[in-house]
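Trainee: Hi! I'm new to this one, could you walk me through a few parts of it?
Mentor: Happy to. Let's bring it up and start with a single helix.

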Amino acid sequence: MTAATNSQVISKAISRRAMMMGAAAVTAWAASPARALLQQVRGGAAALPASVEALIGRMTVVDKAGQLTLMAAAWAGGAATSLNPAGGTASFDSQLADVRAGRLGGVFNGNGAVMAQRMQTVAMRESRLKIPLLFAADVIHGLRTVFPVPLAEAASFDTELARRTARAAGAEAAASGIDWTFAPMVDIAHDARWGRGVEGAGEDVLLGTMMAAARVRGFQGERGLAAPDAVASCAKHFAAYGAAEAGLDYNSVDISERTLRETYFPPFQSAFAAGSPTVMASFNEINGVPATANPWLLTDVLRREWGFDGLVVSDYTGDEELIAHGFAADAREATKLAFMAGVDMSMQSGFYLKHLPDLVASGDVPMARLDEAVRRVLALKVQLGLFDDPFRRIDPRREKTRIRTRESLALAREAGAKSIVMLKNDGGLLPLPRAGKRIALIGPFAAGQHDLIGPWNVYGTDAEAVDLATGVRATVADPSLVSVALGSGIDGSLAGGIPAAVAAAQAADIVLLAIGESQRMSGEAQSRADIVIPLAQMALVDAITATGKPIVVLLRTGRALALRGAVLDAPAILVTWFLGSQDGPAIADIVFGKTGPSARLPVSFPHATGQEPYHYDHKSTGRPNPPGPLVEYKAHYREFANDALFAFGHGLTYGAIGYSGLELGTGIMASDGVLTVRATIANTGTRAAEETVQLYIRDVAASITRPVRELKAFRKIALKPGERQVVAFTLRRSDLLFVGRDLKPTVEPGRFQVWIAPSAQAEGVSGQFTLA
């Protein structure tokens, strides 16, 4: 049998598979002669490259450019599902025509299994080469079951939780026909004005690397990418997108190579080590060269130095934007620059399909480079099992049973509660009793199906989420004791809003004040010049504070905020972020003590917006301000010290936690040895608590100045009332590495400060050791 006949037999069997659907069809396909024949043709993993090369040999240049083209899905009369501003312009019929003609490698942000079934059927029945389509989507923090935004989940300091929620999200995505998610976002964010910090893990490198790996493992599962409930991950945005000047989204980045290697590269390396097969180039330029056309970044570092052999995809119209950057004169040059720099697949611009055939014909792009990129796309499809069964994730009946399950919603509630950070609890105001108190829910987020799931979610809806009022009423013993008054809008006043809210507060024993940002104030293109609570809400807070009633602030936000005035003076403050499908119940679980708060800030809350960019692991100056009052001619602002209002790692529990008894052994670490550091953590309170114990170090003197503190390890421990535990950390030589003058990792002997503490600014217990 010839290769062409092989292909015909296989494609006919695939066509039958597409028409049958359902469990019986899966069984039939699995047992079909065509499937067995396909496996024989592939010959297993060892022979896989040969089969891919054979397919590439049958492709025209247009076929190849088509495989490198990814477009927003068009469906139902041409309505694009992409959240990006340009949207999709193609009709669904024209997109199907592109599939038939081999001009499309995949689509993203489509509308579920029915759409995917129709498109894949056309690809496998009507296209010449029968190459399956890729279906991708932005599954950032859940599909229809929406989990806390990634920044909130990072506050849990619980990598296993992050893996579990990503696993649940990946399984839902796969059940709806999705093969590939554009997540996790692993950018380190040092400037809270930048809106996209909500998608990442905050400001710390260690926490960022650990969350990146956990989320990759979660999306992809443990059975390999070919498993029907696995989706391929995509680490983004490479690189230094979070370093945009002034926190302005898409802005330029001027940064040293040392900072790239110490701060912005490690989370990507962690994602790749965990198995992420794809990476997305970032929008920003780096030192004058846009990342989308940066051969040093995408080829020298990524490919040659790190050995990454996966797929590089542009961000949405990233290649087209090289023109606006002033880096490319026109579309043809932009295509060449991006492609030759190392971007294998173009998202949404259509430039590769339009210009690569001519660039190859003219010799401006070598055929070998084109084949290399096509090989990577096909390899991803092979890894995902699409050549084995193009419909393995496409089953409308399965989709209906695996979305928003009882288990996934319970996980969303658990994750929400574990993400809430308690900043203050003066006088032990929290937790509230579930009975006997009249409670006023006040503020624009007190009730209503809005601003629950958070930014950057394509498929979930606020209408399917549970709001605060519902969560509270379901928790208290007598729901009739709960009143609701919005008081103000998010950005503006409401007619009669403040008087009604004041009346509700006066009639209550305690006020839960739900204020903060809307979900449209965080996320892509949502940079803020002033990271404060809007004025209309501040007026509401002042009015409620004047009633003298105890206030618990429930702070809805996708970033660190500069808190001030009556908000900061409130006796209790909870950072409730955007928690997703089970927002209200998760908040109620913490407020009423069903679960104790255990989360910690993954970002520093500044004193004022003008302090940004701020991160705890900053350098000292030659004139640091000593602890205590501000000293003239030292490094501080006129108004406050150069520290955080609420530091990275800060978060209170319902226990009373104390740190004591630092042990450093001999206090000397051999150059090839380890050092065990111990401290005793005690809960002297009357309630159980889960404490996040953090280990920080500082290299006292080095050939390259080092940060004032660096997080090197953390551990969550459960403490019953009156219980104490000895917590031990092991420091190794590798924990002391930094990028030296030659831009290579190095370690230098000398003194190191060490802290075991509850935050990056807390003293905890501290001491010194020496590296021999």
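Trainee: Great. How many of the nine residues of helix H24 are buried?
Mentor: Nine of the nine residues in H24 (residues 583-591) are buried, so this helix is largely enclosed by the rest of the structure. Keep in mind that this is a predicted model.

Trainee: Which residues are the buried ones in H24?
Mentor: They are Asp 583, Gly 584, Pro 585, Ala 586, Ile 587, Ala 588, Asp 589, Ile 590 and Val 591.

Trainee: And what covers the buried residues of H24?
Mentor: The cover includes two helices, H19 (406-419) and H20 (468-473). Strands S16 (510-516), S17 (551-556) and S18 (572-575) are also part of the cover.

Trainee: What about the backbone just after H24?
Mentor: Look at Gly 593 there: its phi is positive, at about 80°.

Trainee: OK, switching to helix pairs. At what angle do H10 and H12 pack?
Mentor: H10 (residues 205-220) and H12 (residues 266-273) pack at about 25°, and their axes are 8 Å apart. An angle under 35 degrees counts as roughly parallel, and H10 and H12 are therefore roughly parallel to each other. The crossing of H10 past H12 is right-handed.

Trainee: Which residues meet there?
Mentor: From H10 you have Val 205, Gly 208, Thr 209, Ala 212, Ala 213 and Val 216, and they meet Pro 266, Pro 267, Ser 270 and Ala 271 of H12. By class, the contact of H10 with H12 has seven nonpolar residues, three polar and no charged ones.

Trainee: How does H11 sit against H12, then?
Mentor: The axes of H11 (residues 257-264) and H12 come within 5 Å and cross at roughly 45°. H11 and H12 are therefore oblique to each other. On the H11 side, the contact is made by Leu 260, Arg 261, Glu 262, Thr 263 and Tyr 264. H12 contributes Pro 266, Pro 267 and Phe 268.

Trainee: How many charged residues are in the contact of H11 with H12?
Mentor: Two, alongside five nonpolar and one polar.

Trainee: New topic: what is the strand order in the open sheet of three strands?
Mentor: The order is S19-S21-S24, and the pairing is antiparallel. S19 (657-663) and S24 (724-732) are the edge strands, each pairing on one side only. From one strand to the next, the twist averages 25°.

Trainee: How many bridges join S19 to S21?
Mentor: Five bridges join S19 to S21 (residues 674-683). If you'd like a spot to look at, find Tyr 659, which stands opposite Ile 681 in S21.

Terms used
Residues numbered from 1 in each chain as written. Predicted model: local features only at pLDDT ≥ 70, side-chain atom pairs only at ≥ 80, totals over all residues. Heavy atoms only, no water. Axes fitted to C-alpha atoms, helices over the stretch in contact; angles between N-to-C directions. Helix = DSSP H or I, 4+ residues; strand = E, 2+ residues; numbered from the N terminus. Parallel < 35°, antiparallel > 145°, perpendicular 65-115°, else oblique. Left-handed = near helix turned anticlockwise from the far one by under 90°. Contact = heavy atoms within 4.5 Å. Nonpolar A, V, L, I, M, F, W, Y, C, P; charged D, E, K, R; others polar. Buried < 20%, exposed > 50% of the residue type's maximum accessible area, 1.4 Å probe, protein only. Pairing = 2+ DSSP bridges.
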